[in-house]
Amino acid sequence: MEFEPKDYKVKELVEAFESGSLARNPEYQRGAAWSKQQKQALIDSVFRKYPLPPLFLEVKKKAGLGGKPTEIYEIIDGQQRLLSLREYHKGDFSLLDPTDEKLRLPLSLRPIGAPWAKKRFSELPAVLQKELEEYNVSA
């Protein structure tokens with residue numbers, strides 16, 4: 001397998017996951033394993049502009065309509081991160097407040113404001129929605 005690093009916007013990854021062009025392989029991947037708390041912490045990290053570990057995707061070519069090959073990106077590593085991003089984007093959960101002890105943050109960060117706290121994606125101001133959707137994830 002050859003690795004070509006590329007950045008994808010969160011919005012692109014969510015749309016690809018929803019359309020089926022970004023796929024899990026149940027042969028070796030467990031299902032959703034992260035707790036809601038872990039998902040909330042990941043999204044909080046994105047808003048804090050912390051870098052995420054890169055995803056590993058493998059391009060699989062399959063026969064398509066009219067003999068044209070179709071590409072599917074199989075998730076090798078990063079499934080839990082992708083599920084978290086997709087579920088938050090869909091509005092499946094809200095984020096934790098920085099003062100909530102469930103959110104593992106250094107004490108020095110707790111008093112700093114977090115305008116995304118306690119909000120679902122749809123409740124975010126448009127500027128924060130765009131910030132999340134435009135966040136680059138390496139793959």
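**Secondary structure.** I counted four helices and five strands in the protein chain, taking both as DSSP runs numbered from the N terminus (helices H or I, at least four residues; strands E, at least two). From the N terminus on, I read the order of elements as β-α-β-α-β-β-α-α-β. I note that the model is predicted, that local features need pLDDT of at least 70 and side-chain atom pairs pLDDT 80 or more, and that totals for chains, interfaces and linings use all residues. I number residues from 1 along each chain as its sequence is written, and side-chain values use heavy atoms, with hydrogens and water left out.

**Overall dimensions and surface.** I recorded a C-alpha trace spanning about 55 × 30 × 25 Å along its principal axes. The accessible surface of the protein chain comes to about 8,500 Å², by the Shrake-Rupley method with a 1.4 Å probe, only the protein chains shown counting as cover for residues. Carbon and sulfur atoms hold 52% of that surface. Of the 139 residues, 38% count as buried, that is, under 20% relative accessible area, against over 50% for exposed and partly exposed in between (1.4 Å probe, protein chains only).

I then looked up contacts, meaning heavy atoms within 4.5 Å. Among contacts with a separation of 6 or more, residues 24 or more positions apart account for 67%.

**Charges.** I found 23 positive and 21 negative side chains, with the centres of the two sets 3 Å apart. Lys and Arg count as positive, Asp and Glu as negative, and His and the chain ends are not counted. Each charge is placed at NZ of Lys, CZ of Arg, CG of Asp or CD of Glu.

I traced an open sheet of three strands in the order 2-4-3, with mixed pairing; two strands pair if DSSP finds at least two bridges between them. Strand 2 (22-23) and strand 3 are the edge strands, each pairing on one side only. Two bridges join strand 2 to strand 4 in parallel, and here I see Leu22 opposite Tyr73 of strand 4. Strand 3 (residues 56-63) and strand 4 (residues 69-77) run antiparallel and are joined by eight bridges. On this side Ala63 stands opposite Pro69 in strand 4. The hairpin of these two strands has five residues between them, and Gly66 takes a positive phi near 70° there.

**Aromatic pairs.** I paired rings of Phe, Tyr and Trp (its six-membered ring) with centres within 6.5 Å, calling planes under 30 degrees apart stacked, over 60 edge-to-face and the rest tilted. By this rule I count three aromatic pairs. Phe47 and Trp116 are stacked, 5.1 Å centre to centre with 15° between the planes. Phe47 lies in helix 2 (residues 36-47) and Trp116 in the loop between helix 3 (79-90) and helix 4 (126-134), so the pair ties together parts 69 residues apart in sequence. I find both Phe47 and Trp116 buried.

Tyr88 and Phe121 form an edge-to-face pair, because their ring centres lie 6.2 Å apart and their planes stand at 85°. This pair links distant parts of the chain, with Tyr88 in helix 3 and Phe121 in the loop between helix 3 and helix 4, 33 residues apart. Tyr88 is buried at a relative accessible area of 0%, and Phe121 counts as buried at 8%. Lastly, I noted that ring pairs link Tyr88, Phe93 and Phe121 into a cluster.
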